Amino acid sequence: MKIAAALIPHTRPSRRLVRLLGYWCLAALLVSAARIWLPQGAGTVAALWWAAGALLLGAALLDWLTGRRVQGLVGERSLPGNLALGVQNRVQLLLRNEGPRRLRLTVCDQLPDQLQARELPRDAQLEPQQEVHIDYPLVPRRRGHAVFGRIEALADSPWGLWQKQLALGEADAVKVYPNFLGISSLQSLSTEQSLRFLGLHQQQRRGEGMDFRQLREYREGDSQRQVDWRASARMRKLISREYQDERDQEIVYMLDCGRRMRAKDGALSHFDHALNALLLSAYVAIKQGDAVGLHAFAHPGRSGRLPPVKGESAINLLLNHVYDLHSGTASADFSGAAQQMLAEHSRRALVILVTNLRDEDGDELLAAVQLLSRRHLVMVACLRESALDDLMQRPVAGFGDAVELAATRDFLDRRGRLLQQLRARNVLVVDSAPDKLHMALVESYWQLKRSGRI
């Protein structure tokens with residue numbers, strides 16, 4: 001978008017003018033010293049000092065008159081179509097001088113708070129009819145709608161004694177999504193290739209799926225019940241039926257947006273790690289022909305519910321639904337979320353509850369899971385705090401470290417007992433570090449798919 005310069009009525013002294021005024025003020029000390037030590041030459045020194053001041057004032061006034069108008073400066077900002085959380089992108093600024101005089105500029109950009117940039121401000125010099133490209137790296141630190149202000153520039157006057165503040169163009173906006181680059185890298189791959197890309201190994205299982213896929217020639221290792229005798233008689237060779245895993249299943253993510261998900265693990269919060277894992281595992285499920293939905297609870301603001309969707313556009317719908325979804329300060333109400341889930345989803349589904357558990361959640365969580373299990377297959381995906389694992393590995397150097405280690409071990413033991421109680425109720429449990437959750441969810445989903453449970 002081409003944008004023309006809009007002047008802000010603000011001209012300020014440059015550092016050069018301030019420095020010269022400072023030197024002139026310091027020179028007043030010489031006049032005072034001359035009156036004490038060289039009284040016969042004090043008048044000459046004072047006259048020179050006043051002459052220098054008058055010359056500086058005249059130069060500043062003339063420079064202000066000639067430099068107060070900046071004409072012909074136009075600019076253009078090029079933004080990526082969208083941004084991914086934590087991934088570096090580059091923004092390009094194009095400035096062109098269509099005016100009659102040379103311009104020396106200091107260029108900056110008005111950034112939203114959730115974006116972090118380096119290499120700004122930048123200096124540029126443009127001759128008449130010349131253009132210059134300025135690009136700088138940008139890293140999003142928070143998801144949501146990011147609004148850029150105008151491009152800011154300070155234009156020096158011809159002698160560099162004043163600077164005119166300019167604003168170029170209008171505001172731009174871009175969406176900051178969860179880190180979808182993992183999805184982008186999988187789009188051109190098959191399911192098997194995607195699993196290998198993620199470091200997962202698919203268990204070979206020939207002809208034991210739920211849905212018929214195609215007829216093909218008999219292969220060594222095919223079971224006798226796979227042979228289609230009618231087709232074999234017609235083709236005069238053995239023909240086998242090939243099956244695929246059952247499609248058109250529903251996977252609903254119950255995403256905890258409560259205060260515990262605000263905990264940081266590295267540069268990202270647990271909530272952002274959970275979203276990245278949710279999107280990647282959802283993409284694998286969508287490629288398998290399943291429908292994916294979302295039921296976010298304990299979140300502030302707008303609705304966090306998305307009915308199960310499938311097809312090529314499903315992942316885009318999911319991305320646009322969660323990109324500005326954030327965790328809040330409320331506590332998670334597992335029982336209330338389970339009741340709402342049952343009221344909205346009557347068809348049997350794989351329900352994946354993504355949360356950060358504490359042992360004090362035990363009674364309410366177990367009741368919620370028991371309620372959901374009456375109709376759905378339930379999986380609890382729990383984020384394990386990496387800081388606790390690090391504490392367990394840290395050597396004990398004193399009494400304080402010993403107390404901290406004992407408290408950490410007690411906490412993990414109580415948490416482990418809660419997870420064991422869930423497993424005893426036939427609930428699937430995924431316990432993973434936040435940065436490994438995406439692989440754990442994909443692997444668990446694929447095991448369920450291959451076993452015929454979904």
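Five aromatic pairs were counted in this predicted model, where rings of Phe, Tyr and Trp (its six-membered ring) pair if their centres lie within 6.5 Å, with planes under 30 degrees apart classed as stacked, over 60 as edge-to-face and the rest as tilted. The rings of Trp-24 and Trp-49 are stacked, because their centres lie 4.3 Å apart and their planes at 5°. Trp-24 belongs to helix H1 and Trp-49 to helix H2 (residues 42-67), so the pair links parts 25 residues apart in sequence; helices (H or I, at least four residues) and strands (E, at least two) are DSSP runs numbered from the N terminus. Trp-24 is partly exposed at 22% relative accessibility, whereas Trp-49 is buried at 15% (buried, under 20% relative accessible area; exposed, over 50%; partly exposed, in between; 1.4 Å probe, protein chains only).

Phe-297 and Phe-334 form an edge-to-face pair, at 5.9 Å centre to centre and 65° between the planes. Both residues are buried.

Residues are numbered from 1 along each chain as its sequence is written, and side-chain values use heavy atoms, without hydrogens and water. Local features need pLDDT of at least 70 and side-chain atom pairs count only at pLDDT 80 or more, while totals for chains, interfaces and linings use all residues.
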